[in-house]
Amino acid sequence: MIYIILDQDESYGDYIAQNWPDLYIINDRSNFWHFAYAWQFHSDELNNTLKADWCFPNLVDEKGPLMDYYALMGDGKIIEGELYDEQRGTDDYLKSNPNYNQYDFISEGDSPSFFYLLDTGLRSMENPSYGGWGGRFGQDGEKLYKNTVVDYNPYSQRYEAQYTLSRWFTDIQNDFAARVDWCLTDDDSQVNHAPTVSVTQGIDITAAPGENIILTAVGEDQDGDLLSYRWWRYFEADTYQDTEFQNEIIPDDSAGLLLDLTRDLSDGEPTDTISINGADQAEMSFTVPEDAQAGNTIHMIVEVQDDGEHTLKHYQRVIITVSES
């Protein structure tokens, strides 16, 4: 599988696709912008770890020689060969772009292709429509996935294509900050590591309509940190859907520069109709809806967070496939 960011030089279409037509392709032509120069377009609540008061102390200030090269807005760093008007480290750039503050995040727009390789427990490598740190994608043909699906953003109360990626920004940035700290010491006990989690009942379960399901998470942390649990349903990734809209596919943007694939939430339109008992506990339960059809899937995710530096997380997705009544 190849994850393409924008396909700027058309090397995939003109060469790779011609010679290796059986490759599976993720073509991210819009969502990545929101972890690039368009990060201020999405909900402000998602931007906390992209702002100066977080970026500077967590990523740059006294973070060692490697991170001395990491660029932030107005930091005085000059990139050799870049046009002066595009030098985001200058005071002149900040004056021309007052929406930014000194030491704000600039761009990690190519990073989502790397995030897809990280084993977070979200299982997005199994199917790009599941969603994970690299975003969520709709299938277009047998082997192509594009930015044609949306997730519900509770902050804007809209369905947004970019929220399939921006929903993970805080977790991604905290993970990055922890890795930066790893570079500052040879003593592994002095830095934080993400916890791990498994589910006792397994991660692929079959259940009948109306059946009560119990799922038990077991978290572990090598640093001995206190762990908290949160269960939630990734309903946008389900094939059991609550609304007609969830089955609606947004047309792909042919120019590849569309930054705001959205739909406002209609009056009374539900976002999730399955209640979870014990959502903040290691053990949860829920009832498979009576109207679920055989073959439908329900995606439940347990999110485990430690209380160490940067409050790191790990996840486990459990997919429940509905059987015959």
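This is a predicted model: local features need pLDDT of at least 70, side-chain atom pairs count only at pLDDT 80 or more; totals for chains, interfaces and linings use all residues.
Colleague: Happy to. What makes α2 and α7 roughly parallel to each other?

Modeller: The axes of α2 (residues 52-60) and α7 cross at roughly 30 degrees, coming within 9 Å. That angle is under 35 degrees, so the two helices are called roughly parallel.

Colleague: Which residues make the contact?

Modeller: From α2 there are Trp-54, Cys-55, Asn-58 and Leu-59, and from α7 there are Gln-173, Asn-174, Phe-176, Ala-177 and Val-180. By kind, the contact of α2 with α7 has 6 nonpolar residues, 3 polar and no charged.

Colleague: Let's turn to the rings. How many aromatic pairs are there?

Modeller: The count comes to 19 aromatic pairs.

Colleague: Why is the pair of Tyr-70 and Phe-176 called edge-to-face?

Modeller: Their ring centres are 5.7 Å apart, which is within 6.5 Å, so the two rings pair. Their planes stand at 65 degrees, over the 60 that edge-to-face asks for, and therefore the label applies.

Colleague: What makes you say that this pair ties together parts apart in sequence?

Modeller: Tyr-70 belongs to the loop between α3 (64-67) and α4 (91-96), while Phe-176 is in helix α7 (residues 169-182), so the parts they join are 106 residues apart in sequence.

Colleague: And how do you know whether Tyr-70 is buried or exposed?

Modeller: Its relative accessible area is 12%, and buried means under 20%, so Tyr-70 is buried. Phe-176 has 24% relative accessibility, which falls between 20% and 50%, so Phe-176 counts as partly exposed.

Colleague: What lies over the face of Trp-168?

Modeller: Arg-167 does, at 5.6 Å from the ring centre. Elsewhere, the charged end of Arg-88 sits over the ring of Tyr-37, 4.2 Å from its centre.

Colleague: Now the backbone. What is the phi of Leu-6?

Modeller: It is positive, about 70 degrees, although Leu-6 is not a glycine. Most residues other than glycine have a negative phi. Leu-6 lies in the loop between β1 (2-5) and α1 (11-19). At 13% relative accessibility, under the 20% limit, Leu-6 counts as buried.

Colleague: Why does Thr-311 count as partly exposed?

Modeller: Its relative accessibility is 32%, between the limits of 20% and 50%, so partly exposed is the label. Thr-311 also has a positive phi, of about 40 degrees, without being a glycine, and its place is the loop between β13 (297-306) and β14 (313-322).

Methods:
Residues are numbered from 1 along each chain as its sequence is written. Side-chain values use heavy atoms; hydrogens and water are left out. Helices (H or I, at least four residues) and strands (E, at least two) are DSSP runs, numbered from the N terminus. Buried means under 20% relative accessible area, exposed over 50%, partly exposed in between (1.4 Å probe, protein chains only). Rings of Phe, Tyr and Trp (its six-membered ring) pair if their centres lie within 6.5 Å; planes under 30 degrees apart count as stacked, over 60 as edge-to-face and the rest as tilted. A charge sits over a ring if NZ of Lys or CZ of Arg is within 6 Å of the ring centre and within 35 degrees of the ring normal. Axes are lines fitted to C-alpha atoms, for helices over the stretch in contact, and angles run from 0 to 180 degrees between N-to-C directions. Angles under 35 degrees count as roughly parallel, over 145 as roughly antiparallel, 65 to 115 as roughly perpendicular and the rest as oblique. Contact means heavy atoms within 4.5 Å. Ala, Val, Leu, Ile, Met, Phe, Trp, Tyr, Cys and Pro count as nonpolar, Asp, Glu, Lys and Arg as charged, and the others, Gly among them, as polar.
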